[in-house]
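Good morning, and thank you for coming. Please look at the display first.

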Amino acid sequence: MKHKSSQVAVGGMASGLCLLIMFLTGLIPFSEYACPTFAGLVLIAVAEEMGRKTAFLVYGAVSLLSILLTPIKEAAILFLFFFGYYPVIRGLLMEKIGLRPLRLVVKLILFNATIILAYLVVIHVLGIPDILEEFGSFGKYSALVLLLFGDVFFLVYDYTVGNLTDVYRDYFAPKFLRKGRR
C-alpha cells in the first residue's frame, strides 16, 4: 500500500511540475520548443523511481491537461507527440536494440515521423496555418531545412537525456535519495 501511495504522490508532484513548465510557454517568448523538452526531462526521475508505467501515467495526465490548459497549443502537441514520452522509452530502445547505428536510425525515424505528424495536427486539426506562412521567405525547401535542424537538435537532446539519466542514477539518487545504482 505504501508503494501505491508513493506512486500517487510522486506522480502528482511530477505532473504539477511538468504542467508548471508547460504554462511558462505563455510567459516566455519562443518557449514553445524548450518547455516541452524540459517538461519531458522531469519524467526521467519518475521512470527511474517509480517505473515506466507510472511515468506513462504522468505523461498521459500532463498531455491531456496541457492540451486543455496550456496557452500555446503547439507546445502541448510537441509534448504529446514526442517530448513527453521519449525520456521514458529511450532506455527501452537502448535495451531492445543492441546495434548502436540501428538504434540511432530508429530514434531518428521516430523523431521525424512524430514531429511531422505533430505539425500536421497543428496545421490541419488545430487550424493554425500561420506556421506555413512563416516558411515563406526560406523558399520551398524550408520545411526540410527546419527538419534537418530539428534532427541536429534531437541528437543533442538524445545525448542530454542519456547523460541526465546517468547523472540521476549515479550521482543524484545515491547522494540525495540514498539509493545505489539498480
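This is a predicted model: local features need pLDDT of at least 70, side-chain atom pairs count only at pLDDT 80 or more; totals for chains, interfaces and linings use all residues.

In which helix is the place of phenylalanine 111? Phenylalanine 111 lies in helix 6, which covers residues 100-125; helices here are DSSP runs of H or I with at least four residues, strands are runs of E with at least two, and both are numbered from the N terminus. Residues are numbered from 1 along each chain as its sequence is written, and side-chain values use heavy atoms, with hydrogens and water left out.

Let me give the overall picture. The chain has eight helices and zero strands. Read from the N terminus, its elements run α-α-α-α-α-α-α-α. Of its 182 residues, 42% are buried; buried means under 20% relative accessible area, exposed means over 50%, and partly exposed lies in between, using a 1.4 Å probe and protein chains only.

I return to phenylalanine 111. Is this residue buried or exposed? Phenylalanine 111 counts as buried because its relative accessible area is 4%. Setting aside neighbours within four places in sequence, phenylalanine 111 is in contact with Phe82, Phe83, Gly150, Asp151 and Phe154, where contact means heavy atoms within 4.5 Å. Phenylalanine 111 and phenylalanine 83 are 28 residues apart in sequence, and their C-alpha atoms are 9.3 Å apart in space.

Phenylalanine 111 also belongs to one aromatic cluster, formed by Tyr59, Phe79, Phe82, Phe83, Tyr85, Tyr86, Phe111, Phe153, Phe154 and Tyr157. How many aromatic pairs does the structure hold? There are 16 aromatic pairs. Rings of Phe, Tyr and Trp (its six-membered ring) pair if their centres lie within 6.5 Å; planes under 30 degrees apart count as stacked, over 60 as edge-to-face, and the rest as tilted. Phenylalanine 82 and phenylalanine 83 form an edge-to-face pair, at 5.2 Å centre to centre with 90° between the planes. Both phenylalanine 82 and phenylalanine 83 are buried. Another edge-to-face pair joins tyrosine 86 and phenylalanine 154, at 5.4 Å centre to centre and 70° between the planes. This pair links distant parts of the chain, with tyrosine 86 in helix 5 (residues 86-96) and phenylalanine 154 in helix 8 (residues 142-176), 68 residues apart. Tyrosine 86 counts as buried because its relative accessibility is 0%, and phenylalanine 154 counts as buried because its relative accessibility is 0%.

Next, helix 5. Its buried residues are Tyr86, Pro87, Val88, Ile89, Arg90 and Leu93. What covers these buried residues includes helix 2 (34-50), helix 3 (52-69), helix 4 (73-83), helix 6 and helix 8.

The largest nonpolar core comes next. It has 39 residues, and those with the most contacts inside it are Leu43, Phe79, Phe82, Phe83, Tyr86, Ile115 and Tyr157. Such a core is a set of buried Ala, Val, Leu, Ile, Met, Phe, Trp, Tyr and Cys residues joined through side-chain atoms within 4.5 Å. Leucine 43, leaving aside neighbours within four places in sequence, is in contact with Ala55, Val58, Tyr59, Phe79, Gly84 and Val88.

How do the helices pack? Helix 3 and helix 4 meet at an angle of about 160°, with their axes 8 Å apart; axes are lines fitted to C-alpha atoms, for helices over the stretch in contact, and angles run from 0 to 180 degrees between N-to-C directions. That angle makes helix 3 roughly antiparallel to helix 4, since angles under 35 degrees count as roughly parallel, over 145 as roughly antiparallel, 65 to 115 as roughly perpendicular and the rest as oblique.

Helix 6 and helix 8 pack at about 125°, with their axes 10 Å apart, and helix 6 is therefore oblique to helix 8. Residues in helix 6, including Phe111 and Ile115, meet residues in helix 8, among them Gly150, Asp151 and Phe154.

Finally, the loop between helix 1 and helix 2 contains phenylalanine 30. Phenylalanine 30 counts as exposed because its relative accessible area is 72%. Its phi is near 60°, a positive value in a residue other than glycine. Most residues other than glycine have a negative phi.
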